[in-house]
Amino acid sequence: MPTAIELAEQFQVSLVGDGSLLLQGLAPLERAQSSQISFLSNPLYRQQASDSAAGGLIVSQADLDFLQANPGGNSAGRVFFVSKNPYATFARMAQHFAKASAPVYAPGVHPSAAIDSSVSIPVSCHIGPFVQIGPGVKLGERVVLLGNTSVARNSNIGSDTLIYPNVSVYSETKLGERCIIHSGAVIGADGFGFAPDFSATGAEWVKIPQTGAVVIGNDVEVGASSTIDRGAMSDTIIGNGTKIDNQVQIAHNVVVGNCCVIAGCAAISGSTKIGNFCIIGGAANFAGHLTIADRTTVSGNTSIIRSITEPGQHYTGVYPSMLHSAWEKNAAILRGLDKIRQRLRLLDKSK
């Protein structure tokens, strides 16, 4: 078990208390014991933190001042890790302790894996049962491909990337280093591109070949059963550090910037460009061919149908379903509500 001072030095935070205290893991405030660490990032939970039996607490300086002024009954011998960002420090410490119980994937290739003869597998990689690897695929060091995953021709997988079972990586896909792809994800399927051709004698949706690829940066996580379509002619691009939740749909030619987070069931239509550091809530959806400014936040279930040019704004809006023609009329009225209110106020003042 690490000591408190070892943890403080490793995660570059200040320590208040006995540096020799041994700590063995993390737990919630209400369940933590004297050998465990918890964290406080919301002042609403200060009293709960004060009463917690946790032997260590990750706190801000302001929360430390409160807790020292209001010690709980279980605070004797407690140590404090003082951080400018307690939540992020908690996450990094959690990673540290989770490594002890994480599965270890020994290097090697399972006999049932089907690997094209043109592919050279680094000896540090783990290739699980029934994995399929097509011609021209390149794997970095320490790549882990778990059971029933398929990596099609000419794809590149960067070093230290972990791909869970039953993932489909289509041809020409490029995955960066240290990515995590969860089960059921499909990367590089055809984008939804069809040209209508209707006449008096017949009708057809003519398929547009999707000849682009998917390019995913470093440190990207893709959740279970999410789909990232390949581009029609140019590439679909996911920036470094972006985290994508489960069951997210990203259409062809979309560009997602660096360090974005996209929550479950969100959908981004084709050729939309999402800026850097954007936060997209669950089931939010975007029309196609939009540009979204950096640091935009979109609440869950919100529909974005126009480009957003001013960075750092937060958008929210949920409409009940109705006929589209009625929706257009109501939307026009809502846009003018503020002007109508101002006129009503002027009328009231004139009486």
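Trainee: How many salt bridges does the structure hold?

Mentor: The structure, a predicted model, holds seven salt bridges.

Trainee: Why is the contact of Arg142 with Asp160 called a salt bridge?

Mentor: The closest N and O atoms of Arg142 and Asp160 are 2.7 Å apart. A side-chain nitrogen of Lys or Arg within 4 Å of a carboxyl oxygen of Asp or Glu is what the term requires, so the pair Arg142 and Asp160 qualifies. The bridge links distant parts of the chain, 18 residues apart: Arg142 sits in the loop between β9 (138–139) and β10 (144–145), and Asp160 in the loop between β12 and β13.

Trainee: What makes Asp219 and Arg178 a salt bridge?

Mentor: Their side chains meet at 2.7 Å, N to O, and the cut-off is 4 Å, so the term holds. Asp219 is partly exposed at 30% relative accessible area, and Arg178 is partly exposed at 39%.

Trainee: What makes Asp190 and Lys207 a salt bridge?

Mentor: The N to O distance is 3.0 Å, which is within 4 Å, so Asp190 and Lys207 count as a salt bridge. Asp190 is in the loop between β17 (186–189) and β18 (194–198), while Lys207 is in strand β19 (residues 203–207); they are 17 residues apart. Relative accessible area is 37% for Asp190, hence partly exposed, and 43% for Lys207, also partly exposed.

Trainee: Which residues do salt bridges with shared partners join into one network?

Mentor: Glu177, Arg178 and Asp219 are joined in that way.

Trainee: Why is Ile163 called buried?

Mentor: Buried means under 20% relative accessible area. Ile163 has 0%, so Ile163 is buried. Ile163 is part of strand β13 (residues 162–163). From Ile163 to Gln342 the C-alpha distance is 57 Å, with the two 179 residues apart in sequence.

Trainee: What stands out in the phi angle of Asn154?

Mentor: Asn154 has a positive phi of about 60 degrees although Asn154 is not a glycine. Asn154 is in the loop between β11 (150–151) and β12 (156–157), and is partly exposed at 35% relative accessibility. Arg295, likewise not a glycine, has a positive phi of about 60 degrees, and lies in the loop between β32 (291–292) and β33 (297–298).

Trainee: Which residues lie nearest the centre of the largest pocket?

Mentor: Gln95, Lys99, Ala102, Leu162 and Ile180 do, out of 20 lining residues. The space in the pocket is about 670 Å³. By class, the lining has eleven nonpolar, four polar and five charged residues. Helix α4 (residues 86–98) gives the most to the lining, with four residues.

Notes:
Residues are numbered from 1 along each chain as its sequence is written. This is a predicted model: local features need pLDDT of at least 70, side-chain atom pairs count only at pLDDT 80 or more; totals for chains, interfaces and linings use all residues. Side-chain values use heavy atoms; hydrogens and water are left out. On a 1 Å grid over the protein atoms alone, a cavity is a set of points where a 1.4 Å probe fits but cannot get out, and a pocket is an open set with protein on both sides within 12 Å along at least five of seven lines; lining residues have an atom within 4 Å of a point. Grid points are joined across faces, edges and corners, and a volume is the space filled by probe spheres set on the points. Helices (H or I, at least four residues) and strands (E, at least two) are DSSP runs, numbered from the N terminus. Ala, Val, Leu, Ile, Met, Phe, Trp, Tyr, Cys and Pro count as nonpolar, Asp, Glu, Lys and Arg as charged, and the others, Gly among them, as polar. Buried means under 20% relative accessible area, exposed over 50%, partly exposed in between (1.4 Å probe, protein chains only).
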